[in-house]
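Student: Please take me through one part closely: the protein surface that faces the DNA. Then show me how the protein chains behind that surface are joined.

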Protein chains: 2
Amino acid sequence: MSLSPKIKLASVGNINCSTCSLSSLCLPVSLNNDEALRLDDIVEKSKPLHKGDALFRQGDPFTSLFAIRAGSLKTYSINEKGEEQVNGFYFPGELVGLAGIDSGSYPMTAQMLETTTVCEIPYTRLDDLSGQLPELRRQIIRSMGREIRYDQQMMMLLSQKTAEQRVATFLLKLSNRYSMRGYSSHSFRLTMSRNEIGNYLGLAVETVSRTFTRFSSQRFIIADGKELEIINEHELMVAAGESHGPECSSVNIV
Amino acid sequence: MSLSPKIKLASVGNINCSTCSLSSLCLPVSLNNDEALRLDDIVEKSKPLHKGDALFRQGDPFTSLFAIRAGSLKTYSINEKGEEQVNGFYFPGELVGLAGIDSGSYPMTAQMLETTTVCEIPYTRLDDLSGQLPELRRQIIRSMGREIRYDQQMMMLLSQKTAEQRVATFLLKLSNRYSMRGYSSHSFRLTMSRNEIGNYLGLAVETVSRTFTRFSSQRFIIADGKELEIINEHELMVAAGESHGPECSSVNIV
DNA sequence: CGCATGTTTGACGATACTCAATGTGTGTGG
DNA sequence: CCACACACATTGAGTATCGTCAAACATGCG
């Protein structure tokens, strides 16, 4: 259940919301310096959590939102039949726990995929503060709106796309998210297993594996275990079924 | 694009948020009388919209949230390839448009399934008011949290359930929503077509139709066109794959 | 170094899609 | 009020995609 010996590192580690390199991706995005400092005041930085550790578990009382500082995690829920369902993967700057806001308890477990540090944002204090800072209030709303849109894109993927399209879409989206965080968009390390990818995409592990193999032999990607390189982004986009999107011979009307 | 000749019916029709029969399902749920009156002040009731009419269209600038007063609608988006994807169905007391909050424009179209009236809630005014009424602010957040959880349940359905389980789950969920609104939970009229159901559930029309037929011949339901009767809820729950849920010989531990 | 966990590959089969034809209802206009 | 057209719904036949089962292989952790 949350971070048991809570350690406020802000004063020690010299990091706070207004100077954080992730502020442009995180809650402080539209806050001025003073507002960010007030937000920082209620935020508690965690010590590093390790692979497999849970940030919160399904059913735990809802107390906080968490912003990821470094690392990555997955969220999953357990259905009636005891099966695991991966709901999402989260990277630095992203907010975890929003789904618990209205229900009093977290509807899923958040579990580290690697060594990860997070910022804990106690919700009652955030709620108070958001009454005083309209920009913060709007930013919370925006974060939730974005989550809703992501989920709906995911529903589209699950209900309309083939296995191949799903995997291609997944890889391109990861690529995008990495690049937004300043990492290479064409070469990165998958922090999740094939099993977790398959579960997330609604596919059997074997199907994910076969699709990776196929994309490799088509020279769209180079997949060496968890290391992944995108060597033909264009073809991967075609495979994702988004060919009619951003290209068309480099002419972009609109 | 929204409701062109906006007509404020509250004073005429003698309905307002504090007396609305849907207030327990809608934004006013946790507001006191005075607060509900202030909310009512910014809400504009629509004249009836007809089947096929659009409340807003994908790409329209985001201006308002809408609460359904009577009737029902579907939301859908058009993907890159021009295919329609039904995102959800909405019934009285439910809030439509939340997904547009952070993006400046509605990411989908909302289209009436039957004659429907809605309450329009201009977002800038709602935002202002939510700065003054903490309970309203929390209620908006709760509505969004609920939407996120619904979407995640939907993702679970799409990635893990068979056609039969999807259709059964869909019917039971409709049943629940109708019963929460004071309608019969075992006998109701489907306001959407088989095509729309299939699209929503990620199934071909034919599969939906076949599943209806199978459930009928198994005497779980009686389906006569759009009229639907659930005559064996228990078996339908089993078919939905939720058998280990609320029953177990009527003993409910926890 | 060894066991456990994760990954790949193959063979087979089932579920659900596509195509096609027929049946049913709804709304429109004569 | 009826007839017609159109959209919707149902049913059947054939097939493809993806899941299941199984086994070999790789990886990584203790």
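## The DNA-facing surface and the chains behind it

Tutor: Start at one base contact: a polar side-chain atom of E206(B) lies 2.9 Å from a base nitrogen of DNA strand C. Keep in mind that this is a predicted model, and every distance here is computed from it.

A polar side-chain atom of T207(B) is 2.3 Å from a phosphate oxygen of DNA strand C. Chain A takes part as well. There, a polar backbone atom of R194(A) comes 2.9 Å from a phosphate oxygen of DNA strand C. Which elements give two or more residues to this surface? They are α6 (194–201) and α7 of chain A, together with α7 of chain B. The largest share comes from α7(A), with four residues.

Now widen the view on DNA strand C. It is surrounded by 16 residues. S209(A), R210(A), T213(A), A163(B) and T207(B) are the closest of them. On the DNA side, sugar or phosphate holds 57% of the atoms within 4 Å of the protein, and bases hold the rest. On the protein side, the residues divide into three nonpolar, seven polar and six charged.

Turn to DNA strand D. It has 16 residues around it, and A163(A), T207(A), R194(B), R210(B) and T213(B) come nearest. Sugar and phosphate make up 57% of the atoms of DNA strand D that come within 4 Å of the protein.

Which contacts reach the phosphates of DNA strand D? One of them belongs to A163(A), which has a backbone N or O atom 2.8 Å from a phosphate oxygen. Another belongs to G202(A), where a backbone N or O atom lies 3.2 Å from a phosphate oxygen. For a base contact, look at R210(B). An N or O atom in the side chain of R210(B) is 2.8 Å from a base nitrogen of DNA strand D.

The elements giving two or more residues to the surface near DNA strand D are α7 (205–217) of chain A, plus α6 (194–201) and α7 (205–217) of chain B. The most comes from α7(B), with four residues. By class, the surface near DNA strand D has three nonpolar, seven polar and six charged residues.

Next, the join between the protein chains. Chain B puts 45 residues in contact with 45 residues of chain A. The size of an interface is often given as the accessible area lost when the parts come together. For chain B and chain A, the buried area is about 4100 Å², and carbon and sulfur atoms give 58% of that. Within chain B, D102(B), I141(B) and M155(B) lose the most area to chain A. Together they make up 16% of what that side buries.

Six salt bridges are counted between chain B and chain A. Take D127(B), which pairs with R137(A), their closest N and O atoms being 3.1 Å apart. Then look at R138(B), which forms a salt bridge with D127(A) at 2.4 Å between the closest N and O atoms. R138(B) lies in helix α4 of chain B and D127(A) in helix α3 (residues 123–132) of chain A, so this pair joins two chains. Over all chains, the whole structure has 24 salt bridges.

Polar contacts between chain B and chain A come to 20 residue pairs, both partners at pLDDT 80 or more. Which elements of chain B supply at least two residues each to the side touching chain A? They are β5 (84–90), α3 (123–132) and α4 (134–160). The most comes from α4(B), with 19 residues. By class, the side of chain B that touches chain A has 14 nonpolar, 16 polar and 15 charged residues.

On chain B, α7(B) gives the most to the surface near DNA strand D, while α4(B) gives the most to the side that touches chain A.

How values were computed. Residues numbered from 1 in each chain as written. Chains lettered and ligands numbered in written order. Predicted model: local features only at pLDDT ≥ 70, side-chain atom pairs only at ≥ 80, totals over all residues. Heavy atoms only, no water. Contact = heavy atoms within 4.5 Å. Buried area = accessible area lost by both parts, 1.4 Å probe. Salt bridge = Lys/Arg side-chain N within 4 Å of Asp/Glu carboxyl O. Polar contact = N/O pair within 3.5 Å; in protein donor to acceptor, adjacent residues only side chain to side chain. Nonpolar A, V, L, I, M, F, W, Y, C, P; charged D, E, K, R; others polar. Near = heavy atom within 4 Å.
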